[in-house]
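Subject: Handover of a structure

Dear colleague,

Please find the structure below, followed by an account of what was found in it.

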Amino acid sequence: MIRSLVFTIILAIAFFAADYYTNPVWLHPQWKAILIFFLCISFLLHRLMSAGFQNNREKFVQMYMASIVVRLILSIAFVAFFLYRKVDQKQLFIIDFLVLYLFYTGFEIHTLSRNLRRDL
């Protein structure tokens, strides 16, 4: 969980610096809400995976697949909520969200494969 927090802090510093110094056109004004959402999702999925991994190591694959489905459903609900509230620059919001979704998914896969190599 500490790695996810550090990863989010690094992204937040990069986004804050870009927003403060350059006012980029590729950064949606709601980037803070998106980062907080992904931090909460990371925490939730970390707790789900650790609970599933402690009880039965053979159910790891099922718990990982369940975490992917939970992340996808919550992501769709998050985007739908903001689109329902008529967020400005919808296309930019969706693109920023998808880019961060890919960053966090890649980070999760990297962390998971690193932990699995250590456990073998």
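**Findings**

The mean positions of the 12 positive and 6 negative charges of the protein chain are 4 Å apart. Here Lys and Arg count as positive and Asp and Glu as negative, with His and the chain ends not counted; each charge is placed at NZ of Lys, CZ of Arg, CG of Asp or CD of Glu.

Please note that this is a predicted model, in which local features need pLDDT of at least 70 and side-chain atom pairs count only at pLDDT 80 or more, while totals for chains, interfaces and linings use all residues. Residues are numbered from 1 along each chain as its sequence is written, and side-chain values use heavy atoms, with hydrogens and water left out.

The protein chain has four helices and zero strands, and from the N terminus on its elements run α-α-α-α. Helices (H or I, at least four residues) and strands (E, at least two) are DSSP runs, numbered from the N terminus. The C-alpha trace spans about 45 × 30 × 15 Å along its principal axes. The chain exposes about 8,300 Å², of which carbon and sulfur atoms supply 69%; accessible areas come from the Shrake-Rupley method with a 1.4 Å probe, and for residues only the protein chains shown count as cover.

Of the 120 residues, 32% count as buried. Buried means under 20% relative accessible area, exposed over 50%, and partly exposed in between (1.4 Å probe, protein chains only). Among contacts with a separation of 6 or more, 72% are between residues 24 or more positions apart, where contact means heavy atoms within 4.5 Å.

The largest nonpolar core holds 21 residues, and those touching the most other members are Ile-34, Leu-35, Phe-38, Phe-78, Phe-93, Phe-97 and Leu-100. Two or more residues of this core come from each of α1 (2-21), α2 (31-55), α3 (60-84) and α4 (90-119), and the largest share, seven residues, is from α2. A nonpolar core is a set of buried Ala, Val, Leu, Ile, Met, Phe, Trp, Tyr and Cys residues joined through side-chain atoms within 4.5 Å. Leaving aside neighbours within four places in sequence, Leu-35 is in contact with Thr-8, Leu-11, Ala-12, Phe-15, Leu-100 and Tyr-104.

Ser-4 has its place in helix α1 and counts as buried because its relative accessibility is 14%. Beyond neighbours within four places in sequence, Ser-4 is in contact with Leu-39, Ser-42 and Phe-107. Ser-67 lies in helix α3 and is buried, with a relative accessible area of 1%. Not counting residues up to four places away in sequence, Ser-67 touches Leu-45, Leu-48, Met-49 and Glu-108.

The buried residues of α3 are Phe-60, Tyr-64, Ser-67, Arg-71, Ser-75, Phe-78, Val-79 and Phe-82. At 1.5 Å a residue, the 25 residues of α3 should span 36 Å, and this agrees with its end C-alpha atoms, which are 36 Å apart; the expected span is 1.5 Å times one less than the number of residues.

The loop between α3 and α4 is the last topic. Lys-86 has its place there, with a positive phi near 60° in a residue other than glycine, and counts as exposed at 61% relative accessibility. Gln-89 is found in this loop too; its phi is near 55°, again positive in a residue other than glycine, and Gln-89 counts as partly exposed at 46% relative accessibility.
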